[in-house]
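Here is a short tour of one protein model. Keep the sequence and the 3D view open as you read.

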Amino acid sequence: MKAENRFSVSPEETEKQKEYTHLAGELLETKYGGRPLAFIHTYGCQGNVSDSEYLKGMLEEIGYGFTEKLEEADLILYNTCAIREHAEDRVFGNVGALKNLKMQKRGMRIALCGCMMQQPRIAEKIRKSYPFVDIVFGTHVMHRLPEIIYRSLSTGKKVFEIPDSDGVVPEGMPVKRDSGFKAWLPIMYGCNNFCSYCIVPYVKGRERSRDPEIILREARQLVSEGYKEITLLGQNINSYGREPDYGYDFPRLLREINDIPGDFIIRFMTSHPKDCSAELLDTMASCEKVAKHLHLPFQSGCDRVLKAMNRGYTAEKYLSLIDYAYKVMPDLSITADVIVGFPGETYEEFTQTVDLVKKAGFTSMFTFIYSPREGTKAAEMDDPVSAEEKGKWFRELLAVQEQIAAERTAGSVGRTFRVLCEREGKNGVLLRPVKIEVEARRRFVPNHADILPGVCGKAYRTAFRRTI
Ligand code: SAH
Ligand code: SF4
Ligand code: F3S
């Protein structure tokens, strides 16, 4: 086991941030009196949602309260995503709309952080074209938010803090969780895979695992606080503990979390097919607290495209992996991501993706049209197919998957599932067996997706969201 690695934030740095928390708090008192309010909006993946919970934790310690109303806010913080152009366009649109608000409210600060801001060209665009933005910080300095807020409050000047870095593993940050019974638990950060279309490795840095002892301590703490669902997070979670001399890998971590006494569910994402081993699937099967749900993006069903994407597996390897997964977990729900219209993909190659989808039996699938990301390899490739044509393929694939999802979910009628009740009884959250006797709806996916409110009659109306 390795407690220290080259990515660890030093204890001195952590101590320094505590001092800044205190200093920034004092400044808040004198500047705003009372309790200033922060509005936080998160774009992107679960990793970002989790990061925002830490950002909120730090802001709360400084002395901020929170609001859902933009116009009430003294601090607006957008935690951004860079995964597709559309995600970035939405951020630019929403930031632009803050200009008037900022003019009306003196002392208000606008801050942007997250993956989009880690790209130098974006930070530059914000500096030039959005002069009313006060604070921009990248993904590797999130834990230094107290210092960043202090500098902004004490100087009144812009703070742009976007160091280039392989990344850090911050520990000891306070956290303000959105839910009292579902918790994110990041176990690793960054990605080393460099899929040719993807911006993540450039903005999130190198793969780095958190110390297993810290993870296990946090998991025990969550269980003792009554959390019923713990979702382990990592961009490529199967490579947890790959660092030299770690002595821990993902299956072992999963088993040890499963061994924590208590009634709770463990989820994890995202798995990469090239690192998803039979050992992991066997571990899932044997750990009774692990939800029988696997999110396993395949991206394409065509070997040439998979190679150009740098994914490291073939369509056949993917199918044999999920065959094994269904064999050891017959009730398994598999979900996936797929990209339509990768540069140079032909219609014939796209039909191989359709074939894979027909064979795989996903309970649901996230389908994306390829979006070029500056700085990635794929952005340099020829991309002759029109957006209109890609749109047609996209709709064709959705129709195929809809049919498959409908068939899979129809099988849930009359079966009994254990569900996580979100609003049941006086004593908070309960895990209870509930018989599902209603007509299956398309969005009802055993072991995985949301259940529509009201499907289970009076007692459980709006009471639960997920089966386990
Ligand atoms: N780490 C995860 C996924 C991260 S991004 C994994 O490897 O599976 C989530 C999804 O966004 C990806 O699975 C992919 O399907 C999609 N995606 C990533 N980059 C994209 C791009 N440039 N254009 C379209 N979709 C993209
Ligand atoms: Fe992106 Fe690939 Fe890493 Fe996932 S594994 S984050 S798709 S580079
Ligand atoms: Fe987006 Fe960054 Fe997540 S680019 S998908 S917020 S890792």
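The report below covers a ligand shell, some backbone features and a set of salt bridges.

## The model

This is a predicted model. Keep that in mind for every value below.

## Around ligand 2

Start with the ligand. The residues around ligand 2 include three cysteines: C191, C195 and C198.

## Backbone features

Some backbone angles deserve a look. Most residues other than glycine have a negative phi, and most peptide bonds are trans.

Take the peptide bond from M269 to T270. This bond is cis, and its omega is near 5°. T270 sits in the loop between β11 (265-269) and α10 (278-286).

Next comes Q299. Its phi is positive, near 70°, and Q299 is not a glycine. Find Q299 in the loop between β12 (293-295) and α11 (303-308). Is Q299 buried or exposed? Q299 has 7% relative accessibility, so it counts as buried.

N310 is another non-glycine residue with a positive phi, about 65°. N310 lies in the loop between α11 and α12 (315-328). N310 counts as partly exposed, because its relative accessibility is 41%.

## Salt bridges across the chain

How many salt bridges does the model hold? The count comes to 27.

K105 and D74 form a salt bridge through their side chains, with 3.8 Å from N to O. K105 lies in the loop between α4 (99-104) and β4 (109-114), and D74 in the loop between β2 (65-66) and β3 (75-80), so the pair ties together parts that are 31 residues apart in sequence. K105 is partly exposed at 22% relative accessible area, whereas D74 is buried at 14%.

D134 and K102 make another bridge. Their closest N and O atoms are 2.6 Å apart. D134 is in the loop between α5 (120-129) and β5 (135-137), while K102 belongs to helix α4, so this pair ties together parts 32 residues apart in sequence. Here D134 is buried, with a relative accessible area of 15%. K102 is buried as well, with 17%.

The side chains of E161 and R151 also meet in a salt bridge, at 3.2 Å from N to O. E161 is in strand β6 (residues 159-161) and R151 in helix α6 (residues 145-155), ten residues apart, and the pair links distant parts of the chain. Which of these two is buried, and which is partly exposed? E161 is buried, with 16% relative accessibility. R151 is partly exposed, with a relative accessible area of 28%.

E88, R121, R373 and E374 are joined into one network by bridges that share partners. Select these four residues in the 3D view to trace the network.

Technical notes. Residues are numbered from 1 along each chain as its sequence is written. Chains are lettered from A and ligands numbered from 1 in the order in which they are written. This is a predicted model: local features need pLDDT of at least 70, side-chain atom pairs count only at pLDDT 80 or more; totals for chains, interfaces and linings use all residues. Side-chain values use heavy atoms; hydrogens and water are left out. A residue is near a molecule or strand if one of its heavy atoms lies within 4 Å of it. Helices (H or I, at least four residues) and strands (E, at least two) are DSSP runs, numbered from the N terminus. Buried means under 20% relative accessible area, exposed over 50%, partly exposed in between (1.4 Å probe, protein chains only).
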